[in-house]
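Dear colleague,

Please find below the structure that I am handing over to you. My notes on it follow.

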Amino acid sequence: MADGQIDYQQAETLGISREAYDEVLDIVGRIPTIEELSTLLAMWESNGRQQSLYGWLSGQHHVVVRDEYIYSGNADNKAIREPKVKECMDVARNLFSGFHSPILNSQFQTGLLLYMVGNVSSEFASGEYARRCLHLVDDPMATEGHDEDCQYIEMIIDALKRCDIVKADERVADGGLFCSLLRWTAPLGFDILAPREVRLDAFLFGEEAGRYMVAVEEQHDDAFLLKMDEARLNCCFLGRATKSRVVVDGFDFGPVSDYISI
């Protein structure tokens with residue numbers, strides 16, 4: 001064993017599980033050094049533990065064939081490969097072409113916290129993304145109505161706006177969360193992280209009903225989360241409003257002006 005390499009017995013004394021050690025071993029291809037082990041585990045911890053270390057790294061470092069994920073018309077929807085972060089930039093540009101210019105939101109300022117209220121969408125095979133990018137004509141997973149859920153969420157958000165806990169809100173609409181955020185926050189941009197437990201394209205471009213974006217000032221963050229818990233509403237922290245650029249999972253999607261003429 002070379003200098004600096006650490007076997008499982010040594011890793012175990014540091015509190016590293018066999019499962020995590022074996023994944024690092026598989027990624028590195030040999031007995032890892034303490035630096036490799038600590039770096040990989042730190043990366044994993046900072047990006048959530050919803051999936052395995054190997055699965056997370058596989059999702060971040062990838063070699064793709066362009067348009068490999070395009071639906072061919074003869075495969076089950078579940079077999080459509082999930083596009084990775086870099087590919088989603090092309091998807092976003094494709095989707096946003098042809099959308100109307102937004103009404104600029106004067107309520108926004110950089111640093112506002114962005115949340116999504118409602119269930120995180122696992123649906124990707126309907127809406128603009130399915131039609132333009134996957135070439136699904138029949139929308140086999142057509143969006144179902146959630147009228148009662150929407151009315152309840154809107155009632156709670158309106159109450160929080162009246163007491164200044166919520167600064168602004170908007171419904172997720174055509175083009176899914178990504179396009180809705182872009183229209184809503186312009187001319188500012190946003191820096192968001194996607195949850196690891198759902199498909200990235202479903203999260204960014206799915207058009208499942210009953211989801212709302214809200215902006216919260218940092219001093220009201222704790223109060224907002226408390227009210228979400230009391231109201232038994234799911235909410236997902238997205239990120240922050242930023243100045244003029246769009247960032248998803250640390251990947252720069254470019255300036256807002258690439259998508260919208262301000």
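Contact is used here for heavy atoms within 4.5 Å. This is a predicted model, in which local features need pLDDT of at least 70 and side-chain atom pairs count only at pLDDT 80 or more, whereas totals for chains, interfaces and linings use all residues. Residues are numbered from 1 along each chain as its sequence is written, and side-chain values use heavy atoms, with hydrogens and water left out.

Leaving aside neighbours within four places in sequence, Q5 is in contact with Q10, R30, I31, P32 and T33. Q5 lies in the segment before α1 (8–13); helices are DSSP runs of H or I, at least four residues, numbered from the N terminus. With a relative accessibility of 17%, Q5 counts as buried (under 20% relative accessible area; exposed is over 50% and partly exposed in between, with a 1.4 Å probe and protein chains only). The Q5 side chain reaches the backbone oxygen of I31 at 2.9 Å.

Helix α5 (residues 85–96) packs against helix α8 (residues 176–185) at an angle of about 65°, their axes being 10 Å apart (axes are lines fitted to C-alpha atoms over the stretch in contact, and angles run from 0 to 180 degrees between N-to-C directions). A92, L95 and F96 of α5 meet F178, C179, L182 and R183 of α8.

As to cysteines, the structure holds 0 disulfides (pairs of cysteine sulfur atoms within 2.5 Å). The closest cysteine sulfur to that of C235 is in C236, 7.7 Å away and therefore too far for a bond. C235 is partly exposed, at 29% relative accessible area.

Yours sincerely

Definitions and conventions
Helices (H or I, at least four residues) and strands (E, at least two) are DSSP runs, numbered from the N terminus. A polar contact is a pair of N or O atoms within 3.5 Å; within protein, one must be able to donate a hydrogen and the other to accept it, and residues adjacent in sequence count only if both atoms are side-chain atoms.
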